[in-house]
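I opened the file and kept notes as I went. The entries below follow the order of my look-ups.

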Amino acid sequence: MKGYSEKPTRVRFRVLAFIFISVVINYMDRSNISVAATAMSKDLKLSSVELGLIFSAFGWAYAALQIPGGVMVDRFGARATYAFSLITWSIVTLLQGFTKGFVSLFGLRLATGAFEAPAFPTNNKVVTSWFPNQERASAIAFYTSGQFAGLAFLTPTLVTIQHFLGWRGLFITTGIIGIAWGIIWYIFYRDPSQHSKVNKAELQHIEEGGGLVKAADKKGERAKFE
């Protein structure tokens, strides 16, 4: 790293792009079942009640594990937690392409919600570590827009994949994409003070603006609630 006198690097915006892509993949793996529902329910002979339970399963697990997901991020850090979350929910997504009936699909949708639960707590952890207060709302707005990009712009792509590969191929393809991205995240993401491309001027800009640069280094430490 060079001295404070030089112009701050802009690594934080590359990190933000990484979060955006992760959110797009997150919502792609939530919405793929909506695209597959008609063909899937016909092939597996699912009733409307069973299909409703399958759609609900994700939300039950996701809501129940939000707080444990946040604790996991604090304990293990953003790099490891997001990689684990991305890869595991993507493996579960891929396995949905091999499901044989209601019970297995219901269980896999529960698992999808469970493994996706740490994702947004991790997004928040990364942004509060990498962005000063005056840029944080814009950063959050940008990565949150990935939800709607995933739903609006990728739906035609998902429909096209299903057209050529079938609903099973849709789950397998989206699962493989997520696994690959989880590996990329783990290879390239680092907390601010550990990133080889960030200079001291950018770290100073983040920290003086209220970014929690040092807090990102304290994963695993137990803090008291007061």
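Why are Phe 58 and Tyr 62 separated by about one helical turn? I checked their positions: they are separated by about one helical turn because they sit four residues apart in helix H2, which covers residues 48–64. I note that the model is predicted.

**Entry: aromatic pairs**

I searched for ring pairs and got 13 aromatic pairs in the structure. Phe 58 and Tyr 62 make one that is stacked, with 5.4 Å centre to centre and 15 degrees between the planes. The label follows from the angle, because planes under 30 degrees apart count as stacked. I looked up accessibility next. Phe 58 has 10% relative accessibility and counts as buried. Tyr 62 has 15% and counts as buried too.

Next I took Trp 167 and Phe 171. This aromatic pair is edge-to-face, at 6.1 Å centre to centre with 85 degrees between the planes. I found the two residues four apart in helix H8 (residues 155–188), so about one helical turn separates them. Both Trp 167 and Phe 171 are buried.

**Entry: a serine beside the cluster list**

Which side chain does the side chain of Ser 22 contact? I found a polar contact with the side chain of Trp 181, at 2.8 Å. Ser 22 belongs to helix H1, residues 11–44. Its relative accessibility is 0%, so I log Ser 22 as buried.

**Entry: charges over rings**

I checked arginines against ring faces. The charged end of Arg 30 sits over the ring of Tyr 27, 4.2 Å from the ring centre. Arg 75 lies over the face of Phe 76, and here the distance to the ring centre is 5.2 Å.

**Entry: salt bridges**

How many salt bridges does a search of the whole structure find? I got four. I wrote up the following ones.

Arg 12 and Glu 135 meet through their side chains at 2.8 Å, N to O. Arg 12 is in helix H1 and Glu 135 in helix H7 (residues 133–152), so this pair ties together parts 123 residues apart in sequence. Arg 12 is buried, with a relative accessible area of 5%. Glu 135 is buried at 19%.

Arg 12 also forms a salt bridge with Glu 202, at 2.9 Å, N to O. Glu 202 lies in helix H9 (residues 200–208) and Arg 12 in helix H1, so the pair joins parts 190 residues apart in sequence. Glu 202 is buried, with 0% relative accessibility. I therefore log Arg 12, Glu 135 and Glu 202 as one network, given that a salt bridge needs the nitrogen and oxygen within 4 Å.

Lys 125 and Asp 74 form another salt bridge, with 3.3 Å between the closest N and O atoms. The pair links distant parts of the chain: Lys 125 is in helix H6 (residues 119–130), Asp 74 in helix H3 (residues 66–76), 51 residues apart. Asp 74 is partly exposed at 45%.

**Entry: surface patch**

I went back to helix H2 for Leu 53. Val 49, Leu 53 and Trp 60 form a nonpolar surface patch, with about 300 Å² of accessible area together. Leu 53 counts as partly exposed, at 33% relative accessibility.

Methods
Residues numbered from 1 in each chain as written. Predicted model: local features only at pLDDT ≥ 70, side-chain atom pairs only at ≥ 80, totals over all residues. Heavy atoms only, no water. Phe/Tyr/Trp six-rings, centres within 6.5 Å; stacked < 30°, edge-to-face > 60°. Buried < 20%, exposed > 50% of the residue type's maximum accessible area, 1.4 Å probe, protein only. Lys NZ or Arg CZ within 6 Å of the ring centre and 35° of its normal. Patch = residues over 30% accessible without salt bridge, like charges linked within 9 Å, V, L, I, M, F, W, Y side chains within 5 Å. Areas by Shrake-Rupley, 256 points an atom, 1.4 Å probe, with all protein chains shown as cover. Polar contact = N/O pair within 3.5 Å; in protein donor to acceptor, adjacent residues only side chain to side chain.
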